[in-house]
Each structure stands twice: as C-alpha cells, then as structure tokens.
Amino acid sequence: MAIPLMRTSPWIEVRNSKIHGKGVFAAKRIPKGTRIIEYIGERISHQEADDRYADHDPNDNHTFLFIVDRKTVIDGGRKANAARYINHSCDGNCESAIAERRVFIDAVRDIAKGEELGYDYEIGRDKNDPPNVDEIYACRCGSPKCRGTMLWPAKRPAQKKKAKAKKAKTKKAKKKVAAKRTKVAKKTKVAKKTKRVARRR
C-alpha cells in the first residue's frame, strides 16, 4: 500500500528561527516516533542537480538538495513544502527516513509545543572542498553536542589535532616517568628489606 503524500502537516508551523532564517516549530506536542512531514520537491538526477547549481556561490551554505539514492535527488528549492525549512542540528529531535524512494521526517523523541525541529544534515565532504569549508557550513544549533559544522564526518581543525597529539605525548611521558619511579621504588623497597634481613642475621 502506497504511503499517502504528506505535503502539509498539522504538527508544525514555520516561523523565524534563532538558528538560521526560517525554522519549523512544533504546533503542539509531538510524540516520539511520529512521522511529521514528507520532504517534498522536484525530483531530478544528480547530473541535473550539478548543472542546476553549477553557478552556486561556494560561500553560500544554503542547500535544499536531498539525496534519495544513486539516481535521484529532491530539490527542495522547487515545488517544495515546509520541510525544507527544518534546520540542521547536531543533536536533533528528528531524523530523516527514506521509504519507497521518498524522504520523511520522523520524531526521535517527544517534542514539546513551540520547540524547534532539527535533524543532522550529514552533508558529505568532498576532496575538492575549500580549506574553509567548515566555516562555510558552520553549525549554530547551540547543542552541547554541537560539532561546529553541518558536514560529516566531523573534521577537527589541525590545531586541535596537534594539541591532542601533544597531550597524548605528555601523558605517555608522564606514564613512563611514573613507571620508572615505581620501578625505582620497588628496587628501593627490596633493598631496604634485604638490608633489614641482613641485620637480623
């Protein structure tokens, strides 16, 4: 049985967002597991999507393209509905689900009335990405689990990597010193014990 088209939804409303531009908010309490809305737009091929946005400003992070499979992309910028306004969140209260080559937005936990909806876009990285790609696709979801970027997998800046490597090296050196001290302490303990035994003799 085909899933009915979910162009609109009684669960949500669109209004201005503190995260970015317009956002989608719960019009009433949404229980966990609810299929909230379908992501609708013009269905095109990957090649057509590339051609359509060939002149797209590389410093603009607006994207309404949603990959369905290897053949199909949904362009939420055309023939779309409110689902295109759901903002990215690194720790979202929703998730996207593909069924029958269609994309749906489902609640992964209970969502309170007035709460903004969000899901992880997991925008893929590309070998041709500019050095500032994480800045272009910076995330401002405000979650304690925010990774700072809408891109996936998360990529830590080189400075953080160096700091982590330095910290690991320092930790290793401390362990080495501690192990050496323990070894010396054991030897000293054995020596003292031997000395005491010798005296008793």
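Is Cys141 buried or exposed? In this predicted model, Cys141 is buried, because its relative accessibility is 16% and the limit for a buried residue is under 20%.

The whole structure was searched for disulfides, and 0 were found. Cys90 takes part in none; the cysteine sulfur nearest to its own belongs to Cys139, at 3.7 Å. Cys141 also has Cys139 as its closest cysteine partner: the two sulfurs are 3.5 Å apart, which is too far for a bond, because a disulfide requires sulfur atoms within 2.5 Å.

Like Cys141, which is buried at 16%, Cys90 is buried, with a relative accessible area of 15%.

Arg140 is exposed, its relative accessible area being 58%, whereas Cys141 is buried.

Arg140 and Ser89 are 51 residues apart along the chain, and 8.1 Å separates their C-alpha atoms.

## Nonpolar cores

The largest nonpolar core comprises 19 residues, and Ile36, Ile111 and Leu117 have the most contacts inside it. Two or more residues of this core come from each of the elements β2 (22–26), β3 (35–39) and β9 (102–107).

What does Ile111 contact when its neighbours within four places in sequence are left aside? The contacts of Ile111 are Ala26, Lys28, Arg29, Ile30, Ile36, Asn93, Cys94 and Leu117. Of these, Ile36 and Leu117 are also named with Ile111 as having the most contacts inside the largest core.

## Backbone features in loops

The peptide bond that joins Trp152 to Pro153 is cis, and its omega is near 0 degrees. Pro153 lies in the loop between β12 and α3 (158–200).

Arg101 is not a glycine, yet its phi is positive, at about 60 degrees. This arginine, Arg101, is placed in the loop between β8 (94–99) and β9, and it is partly exposed, with a relative accessible area of 42%. Glu122 likewise has a positive phi, near 50 degrees, in a residue other than glycine. The loop that holds Glu122 runs between β10 (118–119) and β11 (123–124). Glu122 is partly exposed, and its relative accessible area is 47%.

Conventions. Residues are numbered from 1 along each chain as its sequence is written. This is a predicted model: local features need pLDDT of at least 70, side-chain atom pairs count only at pLDDT 80 or more; totals for chains, interfaces and linings use all residues. Side-chain values use heavy atoms; hydrogens and water are left out. Buried means under 20% relative accessible area, exposed over 50%, partly exposed in between (1.4 Å probe, protein chains only). A nonpolar core is a set of buried Ala, Val, Leu, Ile, Met, Phe, Trp, Tyr and Cys residues joined through side-chain atoms within 4.5 Å. Helices (H or I, at least four residues) and strands (E, at least two) are DSSP runs, numbered from the N terminus. Contact means heavy atoms within 4.5 Å.
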